[in-house]
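Hello,

Here is the structure I promised to pass on. Please have a look at it first; my notes follow below.

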Amino acid sequence: MPHTSLVKSVLILYLAPMPPISPVTTRVVRGFPAALTELRQLPEGTEPDLVLGLFGLLRAAGMTITYVEAEVLSGHAAQFLYSREQPECAQLAFAPPAETLFRALDVTWKEVTPSGPSTAFDVLRGWIADERVALARLKEPMLIYGHRRTNLEQTLLVARLQTRLAEETMSLDDCDQHYWRYPLDDGNVLLAVMQAPRRIENLTELARVAARRAVRLWHTADLAGCASGDEAYGHLAADLADAAVDFDGETSGAWMGRPLWIQWTARMSSQVFFERAAPRFGGGERAALAKAAFCYGECANAWKRWALYLGPTWNHGSLGFPETLPEDFIRRWRSRDLRLKAVRRLEEARAWEEKAVTELTKVIR
């Protein structure tokens with residue numbers, strides 16, 4: 001009898017209807033996610049941000065352009081902003097980076113400000129179906145390159161710029177809870193390139209524009225209450241030298257991480273850009289651009305020496321900045337001795353950048 005009961009139980013279990021299996025449908029833009037490998041090949045020490053996303057859009061559209069060119073032509077490499085109580089300064093710009101870059105390159109693009117996450121998902125699915133990578137500027141910027149759907153949910157395949165293009169999935173709930181900006185007037189923007197030229201056609205003239213911008217922003221003292229250019233260097237140096245200033249505060253603590261790093265590393269892009277642009281010019285202009293490139297390189301080297309005192313205590317190149325900064329790193333910023341040594345390196349960087357700007361002035365007269 002027990003044997004018969006066991007057979008019946010097994011038979012009932014076997015014949016019972018199984019829950020339906022949700023089919024998975026995945027669609028990705030052609031070439032992705034493999035194309036992310038190329039985008040990760042950034043200059044050593046770079047802290048990726050919005051410019052990497054813009055660069056990714058152009059490369060996905062088939063344009064031959066370097067990260068260095070994208071950073072300089074977007075205007076990001078020309079600015080340095082600082083205000084101890086306003087770390088969001090690093091996200092400000094004298095001109096919109098996307099518009100500045102795309103107009104300079106004669107790129108056609110579409111920009112959408114959706115009313116909510118659900119609408120954003122609809123727009124992004126449509127772009128993916130059209131083989132277009134998208135840049136979503138939410139609480140943090142990310143590239144959207146694919147879409148996955150089951151009977152239960154839909155997710156987007158994303159690469160987060162601030163985590164070295166780590167590949168993740170984002171559901172509608174994830175977007176709403178963790179990435180969507182509230183209130184709505186803060187803005188959530190989606191970007192996609194509609195058409196881009198194969199290469200940069202007017203690089204010589206764009207180099208002049210970049211030189212003019214660098215000179216202007218160095219001498220512009222303020223943007224929305226944040227010190228700019230030469231003034232920003234001075235304010236940062238004064239705060240580092242002041243023993244009463246504690247950077248480990250609720251607002252000022254951010255300056256120990258990404259806001260400062262994403263700005264000073266842009267000097268490396270300025271060096272390479274003007275070095276490559278110099279042969280397009282002749283005579284004194286060529287010499288001035290070459291000297292400016294050298295000075296930007298020395299500026300970046302001074303910042304690297306600054307980082308020996310106040311830079312990351314971990315493998316920044318692989319990991320970037322964590323959400324919670326390690327205690328041994330914070331202790332560096334509390335050290336009076338290390339801060340004073342860092343100030344000397346900062347003043348060196350400031351002097352070299354001023355020399356670079358002086359050379360660029362000779363190109364725009």
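**The disulfide**

A disulfide joins C89 and C226, with 1.8 Å between their sulfur atoms. Keep in mind that this is a predicted model. The structure holds 1 disulfide. C89 sits in the loop between β2 and α5 (97–104), and C226 sits in strand β10, so the pair ties together parts that are 137 residues apart in sequence. The torsion about the S-S bond is about -80 degrees, so the disulfide of C89 and C226 is left-handed. Both cysteines, C89 and C226, are buried.

**Other cysteines**

C299 takes part in no disulfide. The nearest cysteine sulfur belongs to C295, 9.3 Å away. Is C299 buried or exposed? Its relative accessibility is 0%, so C299 counts as buried. C175 is buried too, with a relative accessible area of 2%.

Strand β10, which holds C226, belongs to an open sheet of 3 strands. The order is β2-β10-β9, and the pairing is antiparallel. β2 (81–82) and β9 (222–223) are the edge strands, each pairing on one side only. Between β9 and β10 (residues 226–228) there are 2 bridges. D222 has A227 of β10 as its bridge partner. Helix α9 (residues 229–241) packs on the sheet and touches β2 and β10. The direction of α9 makes about 115 degrees with that of β10.

**A serine in a helix**

S270 is in helix α11 (residues 266–277). Its relative accessibility is 3%; buried means under 20%, so S270 counts as buried. Leaving aside neighbours within four places in sequence, S270 is in contact with V72, A77 and Y296.

Best wishes

Notes: Residues are numbered from 1 along each chain as its sequence is written. This is a predicted model: local features need pLDDT of at least 70, side-chain atom pairs count only at pLDDT 80 or more; totals for chains, interfaces and linings use all residues. Side-chain values use heavy atoms; hydrogens and water are left out. Two strands pair if DSSP finds at least two bridges between them. Helices (H or I, at least four residues) and strands (E, at least two) are DSSP runs, numbered from the N terminus. Contact means heavy atoms within 4.5 Å. Axes are lines fitted to C-alpha atoms, for helices over the stretch in contact, and angles run from 0 to 180 degrees between N-to-C directions. Buried means under 20% relative accessible area, exposed over 50%, partly exposed in between (1.4 Å probe, protein chains only). A disulfide is a pair of cysteine sulfur atoms within 2.5 Å.
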